[in-house]
Amino acid sequence: VPPTKTTRAPGQHALEVKHGVHRLSHHSLFTRSGADQSVARSRDMQSDEVVWQIINHGHCSYKVKTSGETFCRNKYSVTGMCNRSSCPLANSRYATVIEEGGTAYLCMKTVERAHKPAQLWHRVALDKNYAKALKQVDGLLSHWSRFLIHKSKQRLTKITQFFMRTRKLLREKRPKIVTLPAREQQREARRESKAHVAAQLENSIEKELLERLKSGTYDNFQSHNLKNYKGVIEPKQETAVPTKQRRTHMEMEYEDGNEAA
């Protein structure tokens, strides 16, 4: 007797045979590949609301609380604020723009890569031209939320302005600040003070020697060295008295002495 088919609910396939009933489930009939199974497993495990509740009410190493606002230090945060829509950890579908090495990158995260943390973020280098970069963002995020598109464009604008200011500062000539170690400065100051004392001693010795040369102490021995000190030594100009006047003066004194006698 040929086997007879019976109708079952959707998703359940069964075959009934006369001597027995063999039920084949949906998963056994339509086997999935390894990638599809990992994606399904990641979707089951990924719960954005549960992650946000843990981050919001528990501890988060990227959270910075101030008196007014709560900020996020994660480099993939699109706004830098800690809230449900801007959290890169509590959103399985997320996009942002970052800067590395003078290049802007569009980083996108999808739930299909949640099971591979090393390949979680897909990075696309944006064009250096601002208008072309905006078109790239529009093309890559065409089916994403308007919030992420708008915030990514704002972040791209800020990064482009940062690049412009950097190029402008590089063209300007600015003094280079060089730091000197304190020990080296102290050592140089000690050497300078010692050299100053030695220079003063040498100057005093030289001045004393010049005074002696002027006074004629070394006339008999160092007279040949006086040529080296021309312009420094000004020899005393003694008013030489003529010998005839001396003799007449002595004769007059002698005559006066005789008269007195």
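User: Is Glu69 buried, exposed or partly exposed?
Analyst: The relative accessible area of Glu69 is 44%. Buried means under 20%, exposed over 50%, and partly exposed in between, with a 1.4 Å probe and protein chains only. Glu69 therefore counts as partly exposed.

User: What kind of model is this, and how are residues numbered?
Analyst: Residues are numbered from 1 along each chain as its sequence is written, and side-chain values use heavy atoms, leaving out hydrogens and water. The model is predicted: local features need pLDDT of at least 70 and side-chain atom pairs count only at pLDDT 80 or more, while totals for chains, interfaces and linings use all residues.

User: Where does Glu69 lie, and which residues does Glu69 touch beyond four places away in sequence?
Analyst: Glu69 is in the loop between β3 (63-65) and β4 (70-72); strands (E, at least two residues) and helices (H or I, at least four) are DSSP runs numbered from the N terminus. Cys82 is 13 residues from Glu69 in sequence, and their C-alpha atoms are 8.5 Å apart. Contact means heavy atoms within 4.5 Å. Leaving out residues up to four places away, Glu69 touches Val64 and Met81.

User: How many disulfides does the structure have?
Analyst: A disulfide is a pair of cysteine sulfur atoms within 2.5 Å. The closest cysteine sulfur to that of Cys60 is in Cys72, at 6.2 Å, too far for a bond. For Cys82 the closest is also in Cys72, at 6.0 Å, again too far. A search of the whole structure gives a total of 0.

User: Is Cys60 buried or exposed?
Analyst: A second, separate core of 5 residues includes Cys60, along with Trp52, Cys87 and Ala90. The relative accessible area of Cys60 is 14%, so Cys60 is buried.

User: Which residues touch the most other members of the largest nonpolar core?
Analyst: A nonpolar core is a set of buried Ala, Val, Leu, Ile, Met, Phe, Trp, Tyr and Cys residues joined through side-chain atoms within 4.5 Å. The largest one has 23 residues. At least two residues come from each of β5 (94-100), β6 (103-109), β7 (121-125), α4 (130-140) and α5 (146-171). Those touching the most other members are Val97, Met108, Leu126, Leu141, Trp144 and Leu156.

User: Which residues does Met108 touch, not counting residues up to four places away in sequence?
Analyst: Met108 is among the members of the largest core that touch the most others. The contacts of Met108 are Tyr94, Ala95, Arg113, Leu120, Trp121, His122, Val124, Leu140, Leu141 and Trp144.

User: How are α4 and α5 oriented to each other?
Analyst: Axes are lines fitted to C-alpha atoms, for helices over the stretch in contact, with angles from 0 to 180 degrees between N-to-C directions. The axes of α4 and α5 come within 10 Å and cross at roughly 160 degrees. Angles under 35 degrees count as roughly parallel, over 145 as roughly antiparallel, 65 to 115 as roughly perpendicular and the rest as oblique. The two helices α4 and α5 are therefore roughly antiparallel.

User: Which residues in α5 does Tyr130 touch?
Analyst: Tyr130 is in helix α4 and, at 31% relative accessibility, counts as partly exposed. Tyr130 and Thr160 are 30 residues apart in sequence, with 7.1 Å between their C-alpha atoms. Not counting residues up to four places away, Tyr130 touches Leu156, Thr157 and Thr160.
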